[in-house]
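Subject: A structure for you to look at

Hi there,

Here is the structure I promised to pass on. Please open it and keep it beside you while you read.

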Amino acid sequence: MPEIEIQASAWRLVEIGRVVLFTHGPYTGRLATIVEIIDHKRVLVDGPSKKENGAVPRHAVGLSNVIITPIVIPKLPRAAGRGAVARAWEKEEVESKWDQSAWAKRREQRERRRALSDFERFKVLKLRKQARFEVQKSMAKVRASAKA
């Protein structure tokens, strides 16, 4: 009989130590970690961030109000105290991992674009046109040299 190899899926699971991003409520855009699973729709989270306006107090939150990220704090004990969570958060460098992720960079860029004024959007448009013109000019040179 052939060997059967079972592998766990690479999907982001709701688990103790998983870092979540708030999408709704007063903590929108902040990070926290799952400390305890209450039931299939709610978890207890704690976010000991050092950033200004980044900390999330320990409270229960519905899973519909957060997005699960790929970042995990491994071996975080269930219902760990605030100090233990803060130490593990610092040890795993959650903030820096998040800041380096493409997801965080895209969110930051989107927020920056939303904050632009009409004149700033116009300046961006002009700069993009200039860049496109330079690219087209260099491509025309390459094409001309290829023909000759």
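This is a predicted model: local features need pLDDT of at least 70, side-chain atom pairs count only at pLDDT 80 or more; totals for chains, interfaces and linings use all residues.

Residues are numbered from 1 along each chain as its sequence is written, and side-chain values use heavy atoms, with hydrogens and water left out.

Buried means under 20% relative accessible area, exposed means over 50%, and partly exposed lies in between (1.4 Å probe, protein chains only). Helices (H or I, at least four residues) and strands (E, at least two) are DSSP runs, numbered from the N terminus.

Setting aside neighbours within four places in sequence, tryptophan 98 is in contact (heavy atoms within 4.5 Å) with Leu21, Leu31, Thr69, Ile71, Trp103, Ala104 and Arg107.

**Helix 1**

Helix 1 covers residues 82-91, and Val85, Ala88 and Trp89 are buried in it. Seen down the axis, the buried residues of helix 1 fall within an arc of 105 degrees (taken from the directions from the helix axis to the C-beta atoms), so they line one face. Their cover includes strand 2 (31-37), strand 3, strand 4 and helix 2 (94-100). On the face turned away from the buried side you will find the exposed residues Arg87 and Lys91. Just after helix 1, glutamate 93 has a positive phi of about 50 degrees.

**Salt bridges**

The whole structure holds twelve salt bridges, each being a side-chain nitrogen of Lys or Arg within 4 Å of a carboxyl oxygen of Asp or Glu. One of them joins aspartate 46 to arginine 58, with the closest N and O atoms 3.4 Å apart. This pair links distant parts of the chain, as aspartate 46 is in strand 3 (residues 42-47) and arginine 58 is in strand 4 (residues 56-62), twelve residues apart. Aspartate 46 is buried at 0% relative accessible area, whereas arginine 58 is partly exposed at 32%.

Helix 3 (residues 102-114) has arginine 112 and glutamate 108 four residues apart, about one helical turn. Their side chains meet in a salt bridge of 3.8 Å, N to O, and both residues are exposed. Glutamate 111 and arginine 114, three residues apart in helix 3, also form a salt bridge, at 3.1 Å from N to O. Glutamate 111 is partly exposed at 44%, and arginine 114 is exposed at 58%. Elsewhere, salt bridges with shared partners join Asp46, Arg58 and Arg82 into one network.

**A surface patch**

Finally, Phe119, Phe122 and Leu125 make a nonpolar surface patch of about 320 Å². Patches are made of residues with over 30% relative accessible area and no salt bridge, with like charges joined within 9 Å and nonpolar side chains (Val, Leu, Ile, Met, Phe, Trp, Tyr) within 5 Å. Accessible areas come from the Shrake-Rupley method with a 1.4 Å probe, and for residues only the protein chains shown count as cover. Phenylalanine 122 sits in helix 4 (residues 118-147) and is partly exposed, at 44% relative accessible area.

Happy exploring!
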